[in-house]
Amino acid sequence: MYVWKCIIWSPPPRNFLKLNVDAHLKDDGHWGLGLVLRREDGRCVGAVTRVVDGSNDAALAEAHGLQEALRWIRNLHITRVIIEIDAVVIVQAIQKREFPRTKWGRVVEWCARDFDHDSQISLKWICRQGNKAVHDLARWAFQEPNREWNTDYPHCIIRHIQKDMSHVN
């Protein structure tokens, strides 16, 4: 059963939203960030792309993705959100409250304060196979950088959302 949950996106509990986040490195050193916000029935209620300067540090890129996710949900004035990322090192740092003395450690420490202030926002790890829509959106970020959608979502995520919706009871 655990493997099944990891292979596909799973819905949040009733009255919660789920925000999936991912980062993708481009050859020129920039990172594309993708964020997809969905309801318990699997329908998308928002999506975001961002492009940020980066390095080859994947943890730093994932940390910036998490930071952007927290900013976005704060700007939307929503609570009851489960954030999922496929960077286990970031999730573990926040859960254990152990922040390395690195750039990504400082960003994650900043993010942890948001979780401390709002108990209805949580962070979970998800395997990459369960995070496909946002993985493709992070790649798409270079096509449409720094955009937000609440309708007419990019075509790169539509098939993933439809597929995931078909698995929701």
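Colleague: Let's start inside. Which residues of the largest nonpolar core touch the most other members?

Modeller: Here is the general idea: in soluble globular proteins, nonpolar side chains tend to be buried together. In this predicted model, the largest nonpolar core has 30 residues, and Leu19, Leu66, Ile83 and Ile90 touch the most other members.

Colleague: Which elements give two or more residues to this core?

Modeller: The strands are strand 1 (17–25), strand 2 (30–38), strand 4 (81–85) and strand 5, and the helices are helix 2 (58–76), helix 3 (88–96) and helix 4 (103–117). Helix 2 gives the most, with eight residues.

Colleague: Could we zoom in on one member? What does Ile83 touch?

Modeller: Leaving out residues up to four places away in sequence, its contacts include Leu19, Val21, Leu66, Leu70, Phe115 and Leu123.

Colleague: Now the outside. Which residues form a nonpolar patch on the surface?

Modeller: Val88, Val89 and Trp125 do, and together they have about 230 Å² of accessible area. Trp125 belongs to strand 5 (residues 121–125).

Colleague: Why does Trp125 count as partly exposed?

Modeller: Because its relative accessibility is 35%, and partly exposed covers values between the 20% limit for buried and the 50% limit for exposed.

Colleague: Finally, what does the UniProt record place at residues 20–141?

Modeller: The unreviewed UniProt entry puts the feature "domain: RNase H type-1" there. In the model, this span is 43% helix and 29% strand, and its end C-alpha atoms lie 15 Å apart.

Methods:
Residues numbered from 1 in each chain as written. Predicted model: local features only at pLDDT ≥ 70, side-chain atom pairs only at ≥ 80, totals over all residues. Heavy atoms only, no water. Patch = residues over 30% accessible without salt bridge, like charges linked within 9 Å, V, L, I, M, F, W, Y side chains within 5 Å. Areas by Shrake-Rupley, 256 points an atom, 1.4 Å probe, with all protein chains shown as cover. Salt bridge = Lys/Arg side-chain N within 4 Å of Asp/Glu carboxyl O. Helix = DSSP H or I, 4+ residues; strand = E, 2+ residues; numbered from the N terminus. Buried < 20%, exposed > 50% of the residue type's maximum accessible area, 1.4 Å probe, protein only. UniProt positions renumbered as here; feature names shortened; annotations may be inferred. Core = buried A, V, L, I, M, F, W, Y, C linked by side-chain atoms within 4.5 Å. Contact = heavy atoms within 4.5 Å.
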